[in-house]
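Please open the model in a viewer and keep the selection panel at hand. The stops below proceed from sheets to helices and then to a single side chain.

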Protein chains: 2
Amino acid sequence: MAERTAQRLTKPEEYAKLLDRFDTYLLDCDGVIWTGPTLVPGVADVLTMLRAKGKNILFVTNNAKKSREMYKKAFDGFGIQASVEEIFGSAYASAIYLSKILKFPADKKVYVIGEEGIEQELKSVGIQFTGGTDPEDRVFIPSGDYSSIKNDPSIGAVLCGFDMYVNYKKYAKAHTYITNNPGCEFILTNADPTYPAGGAFFPGSGSMSAPLRFSTKKTPTIIGKPHTHMMETILAAHDFNPERTIMIGDNLETDILFGINSNITTLLVMTGVTHEAQLSGENKSDTVPDYIVQSMGDFAVLADKK
Amino acid sequence: MAERTAQRLTKPEEYAKLLDRFDTYLLDCDGVIWTGPTLVPGVADVLTMLRAKGKNILFVTNNAKKSREMYKKAFDGFGIQASVEEIFGSAYASAIYLSKILKFPADKKVYVIGEEGIEQELKSVGIQFTGGTDPEDRVFIPSGDYSSIKNDPSIGAVLCGFDMYVNYKKYAKAHTYITNNPGCEFILTNADPTYPAGGAFFPGSGSMSAPLRFSTKKTPTIIGKPHTHMMETILAAHDFNPERTIMIGDNLETDILFGINSNITTLLVMTGVTHEAQLSGENKSDTVPDYIVQSMGDFAVLADKK
C-alpha cells in the first residue's frame, strides 16, 4: 500500500483551487482561528471571504467548558461573525447524543463532572442533571469519610467534561453510579489529554476522566473529535455533501483524525499544536492530512486579489 | 505447558505441613487480618501461634494513606502485636526507593499527591517535599486561571499515593513538573484501581494518579504490590530465605501476583476481594496461587490442639 502523503499548499492558485472544491468548511477554533487570546493574522478576512463566496462555515470544537452561547461570546470578543447554530462544541454534542441518540429517559438524571457550559447544553435539550457546579459537590470530604457517597438509582448516565473543580467526592459518586446502576451510561465530552493555556499545556478533559476509566474498568463513549459522534450531531442539524466538505484543524490526533474517521477531506494548519517533526522523519505521525497550509490566514491573499 | 492449579487446604494436617515448610510469612492486612473495622475470626490466635513457633512475620500493605507508625496504631486498635519494623507499606517503600535506590539528591524536592502518611515516611528518610497536606494545594483554583501554576526546577520527583484532597491545582502542578523538569521521576506508591471501604469500593491510588499518566504520557515507576520494588525494600531491611517464605493475601492481582513476581510461594485467602468465580470456569484469573485457604483463621485449629 502506498504511503499517504500530504500536499502542502503555498501558492494563491492552489488556495483558489481548494476553495473551488469545497462548499462546507468545518473549522476547529483554538490553533486555527485564534491561539489563546490572539487572533491568527488574516483569518477574519478569510472567514469574511468564505461567507461572501456563499460557503457554509461550521465551528467544531472539543472545548467542553463552554456552551454554544458562551462560545459565541468568544467570537464576538474577536469581532468575528458566528451564529450559535454554526457552533458545535463537545458539551452540546454530548447533550444531543443523550437526547437524540440515547433518547435519555425524562425521569432519569445525568451526573455531571463539568462546568456551566455542560449544564447549559443539558438544559437546552431538557435533560435533568446533578453534580456539575452544585456547591455540595465542590468540596473536599474528610479523609476516609465515605458517608456522603450514596448510590442514587435515578442517575442514568455520568457525563465527564472539563472540570477545574474536580475532586474525590465527584469521582467517588461517579464511580458508585457507574458500577451500581445497571445500564448507567459513561460518556466523555472528549478525551483530549491536555488543554492549552498561556503557551503551556495542562491536564485536559480526557485526563480528568481517567480515574473513572481506571476505577470502573468501563470503556466510555467518547463524543468529541476524533470520534464520530460529533459528526452525527452536525449531520443531525445541517445538510451537506461530505464530498464537498473539508475539516480544517491544527491537531492531527483530534481534528485531522476526525476528518479521516468521517470520510471527509482534511487540511492541517501549523498555527497550533502540530510541529514539523510530526510530519516527516522518524517521529512522523500515522495520521496524515490531505493538505497542509502554514496558516488559515494564508488564504487572505485571495481576499486581497478580489 | 501444564496449567498451574492451586491446592486447596482444608485439613489440620495440611495446615501443619504448610507451617513446617515456611519460616517467613509476608501478610497482607485488609482482607486477611481484618476486613474494614472487623478482625477476621481466629487470626489473632494464629499470629500468636506463629510467633510462638519462632516464625518471622512481616506485614506488607499497599495502603499509601498511612505511615508505618500510623499503621501500627491500627494493629494496636485490634489488640494485635506488631512492631514498626515488621510493617512495610507502600508509602514507606516509596520513601526507601527514593532514598536508597534513586539516591534522591538532598537539594531536590518531591512533589507529593498524598496525605500525612507519605509525608511522615519521606521525613523519616530525610527527603524534602512540597504539596501533600499543604493547605495552599488543598484548594480549587478559579476556572481558567492557571496563574498559580508555575514550574519549580527544584522538584526532582512527583510521588502519587492516595489523596482524598486531590484537585486540579495538584494535577496541573504535577503535570508541569513531570513535563518541564528534565529527569523528573514519576512514582506511584501503588496502582490499585479501587479502595475498599464500608463494604463498597471507591477510586483507589492507581485511579487518583491516572490523570497524570494520561496527560504526561509517561510511564510511572510503581512501588507497591504486585511490583517488586516493595520486595527490594523488604529485602533491604530483613534477611530471609525466599524458598522458606510465603506471601499470604486476598487479592490475586496484587498480593498473589507480587509473590509470583518475587519467586516466592503464595497462599490465597477468601476473606477479602477474591470470589470463587475467579478461581475456575470461564472467568478464571490468569493469576493462580500455590495454595488456597478459606481464612487465615483456619490455622487456629492448630493453636487449639497445642
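Two strands pair if DSSP finds at least two bridges between them; helices (H or I, at least four residues) and strands (E, at least two) are DSSP runs, numbered from the N terminus. The model is predicted: local features need pLDDT of at least 70, side-chain atom pairs count only at pLDDT 80 or more, and totals for chains, interfaces and linings use all residues. Residues are numbered from 1 along each chain as its sequence is written, chains are lettered from A and ligands numbered from 1 in the order in which they are written, and side-chain values use heavy atoms, with hydrogens and water left out.

**The sheet of chain B**

Select the strands of chain B in the order β1-β16-β15-β14-β2-β5-β6: these seven form an open sheet with parallel pairing. Because β1 (7–8) and β6 (87–89) of chain B each have a single partner strand, one side of each is left without a neighbour in the sheet. Next, display β15 (residues 265–269) and β16 (residues 291–293) of chain B, which run parallel and are joined by three bridges. Within this pair, B:L267 has B:Y291 of β16(B) as its bridge partner.

Contact here means heavy atoms within 4.5 Å. Then select helix α2 (residues 43–52) of chain B, which lies across β2 and β5 (56–61) of chain B and runs at about 135° to β5(B).

**A helix pair in chain B**

Which angle do helix α4 (residues 90–101) and helix α9 (residues 229–237) of chain B make where they pack? The angle is about 75°, and the axes are 9 Å apart. α4(B) is therefore roughly perpendicular to α9(B), a term covering angles of 65 to 115 degrees. To see the contact, show B:S90, B:Y92, B:A93, B:I96, B:Y97 and B:I101 of α4(B) together with B:H229, B:M230, B:E232 and B:T233 of α9(B).

**A buried asparagine**

Centre the view on B:N190, in the loop between β10 (185–188) and β11 (194–197) of chain B. B:N190 counts as buried because its relative accessibility is 2%; buried means under 20% relative accessible area (1.4 Å probe, protein chains only). Its side chain makes polar contacts with the side chains of B:D192 (3.0 Å) and B:S205 (3.1 Å). A polar contact is a pair of N or O atoms within 3.5 Å; within protein, one must be able to donate a hydrogen and the other to accept it, and residues adjacent in sequence count only if both atoms are side-chain atoms. Leaving aside neighbours within four places in sequence, the residues in contact with B:N190 include B:N62, B:A64, B:S90 and B:I222.

**Chain A**

Turn to chain A, where seven strands form an open, parallel sheet in the order β1-β16-β15-β14-β2-β5-β6. Two bridges join β1(A) to β16 (residues 291–293) of chain A, with A:I292 as the bridge partner of A:R8.

Finally, select helix α5 (residues 116–124) of chain A, in which A:G117, A:I118, A:E119, A:E121 and A:L122 are buried. These buried residues pack against α3 (68–78), α4 (90–101), β7 (109–113), β8 (128–131) and β9 (155–160) of chain A. After α5(A) comes A:G126, with a positive phi near 75°.

How values were computed
Buried < 20%, exposed > 50% of the residue type's maximum accessible area, 1.4 Å probe, protein only. Axes fitted to C-alpha atoms, helices over the stretch in contact; angles between N-to-C directions. Parallel < 35°, antiparallel > 145°, perpendicular 65-115°, else oblique.
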